[in-house]
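Let's take a friendly walk through this structure, with the sequence and the model side by side. Please have both open as you read.

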Amino acid sequence: MTRAPSAAVAALSFVAAALAQHLPVPPLPYAYDSLEPWIDAATMKVHHLGHHAAYTKQVNGALEVMRADPNMKHLAKMGIDELLHHLDEVPEQHAGTIRNAGGGYVNHDLWWKSLSPWGGVPPTDASPTIQERRFKAAVDRTFGSVDKLKDAFGTAAAAVFGSGWTFLYFNKKARTLEITNTAGHDTPAMDPEKAPLLLLDMWEHAYYLKHQNMRAAYVDAFWHVVDWPAAATRYALASGEVAPEPLPAPDAREKQRVGLVPTDERAEAVAEL
Ligand SMILES: [Fe+2]
């Protein structure tokens, strides 16, 4: 005979389900000070614990109200990525929050994953994983070289007016790499055919503590901590071109990174910032 769950077990199950439907503030995959000197710990802390946490709270608030409404609960169940594909179905009183706070939530989640203490090592024909080598080939086909991609991306970032983001994304329909700027927290991923690979937060909160109005110095610093292998993995998954291989261990990646720029040159670069 099957026994009915006790009231306590049922209550716990409900709480667990409710909690599971709440978006968490994604933990950083590294320490706040580990991107120094390129991105300072103070900026990282206020960005993650202040801004990202606030977007998370706002979008959870809207989702909670939508979940309680029989006419909207099917939307709230979608998950935030899917919901951003269906913004036109979200009632007006929640559409702004879902677009702005929901976009802020997903963009910042990807932002942290786009950076790494072992970053700054662009893909080459001799990169250790197949996805880096394939990504390098795709970049070469579209932009001519990684340096030219960086130039085009940096030019786009410099042109962001007000608060916004610069993206490199894979267009699944056209099967091309493309660069675009978005306003506010919009993301190319609002179109399911577009898969972001790299992004740069051009809101002042991302750089003003350290760089003030020197946006070019911030963009330059960004390249020193970009997690290129993670971008290459996203490219492999979005394009289906190749099954991504596991990334090398952090100590191997650190050797690659330090080997990229001589110590004295790094010190000079730091001093210039
Ligand atoms: Fe931000």
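## Strands and their pairing

Two strands count as paired if DSSP finds at least two bridges between them. With that in hand, look at strand β1, residues 164–171, in this predicted model. Over eight bridges, β1 pairs with β2 in the antiparallel sense.

Stepping back, three strands form an open sheet in the order β2-β1-β3, with antiparallel pairing. The edges are taken by β2 (176–183) and β3 (194–201); each has a single partner strand, so one side of each is left without a neighbour in the sheet. From one strand to the next, the twist averages 25°.

Helix α6, residues 130–143, lies across β1, β2 and β3, and runs at about 75° to β2.

## Two helices that cross

Now turn to another pair of elements. Two packed helices are described by the angle between their axes and the distance between the axes. Helix α2 (residues 41–67) and helix α5 (residues 92–113) have axes that come within 8 Å and cross at roughly 140°. Angles over 145 degrees would count as roughly antiparallel and 65 to 115 as roughly perpendicular, so α2 is oblique to α5. The crossing in which α2 passes α5 is left-handed.

Which residues of α2 and α5 make the contact? From α2 they include M44, H47, H48, H52, Y55, V59, L63 and M66. From α5, H94, I98, A101, Y105, H108, D109, W111 and W112 are among them. Sorted by class, the contact of α2 with α5 has 12 nonpolar, 10 polar and one charged residues.

## How confident is the model?

What is the mean pLDDT of the protein? The mean is 89, and 87% of the residues reach 70 or more. Two stretches deserve a careful eye as you browse. Over residues 1–7 the pLDDT is below 50, and this stretch has zero contacts in the model beyond near neighbours in sequence.

Notes. Residues are numbered from 1 along each chain as its sequence is written. This is a predicted model: local features need pLDDT of at least 70, side-chain atom pairs count only at pLDDT 80 or more; totals for chains, interfaces and linings use all residues. Side-chain values use heavy atoms; hydrogens and water are left out. Helices (H or I, at least four residues) and strands (E, at least two) are DSSP runs, numbered from the N terminus. Axes are lines fitted to C-alpha atoms, for helices over the stretch in contact, and angles run from 0 to 180 degrees between N-to-C directions. Contact means heavy atoms within 4.5 Å. Angles under 35 degrees count as roughly parallel, over 145 as roughly antiparallel, 65 to 115 as roughly perpendicular and the rest as oblique. A crossing is left-handed if the near helix is turned anticlockwise from the far one by less than a right angle, and right-handed if clockwise. Ala, Val, Leu, Ile, Met, Phe, Trp, Tyr, Cys and Pro count as nonpolar, Asp, Glu, Lys and Arg as charged, and the others, Gly among them, as polar. pLDDT is the predictor's confidence in each residue, from 0 to 100.
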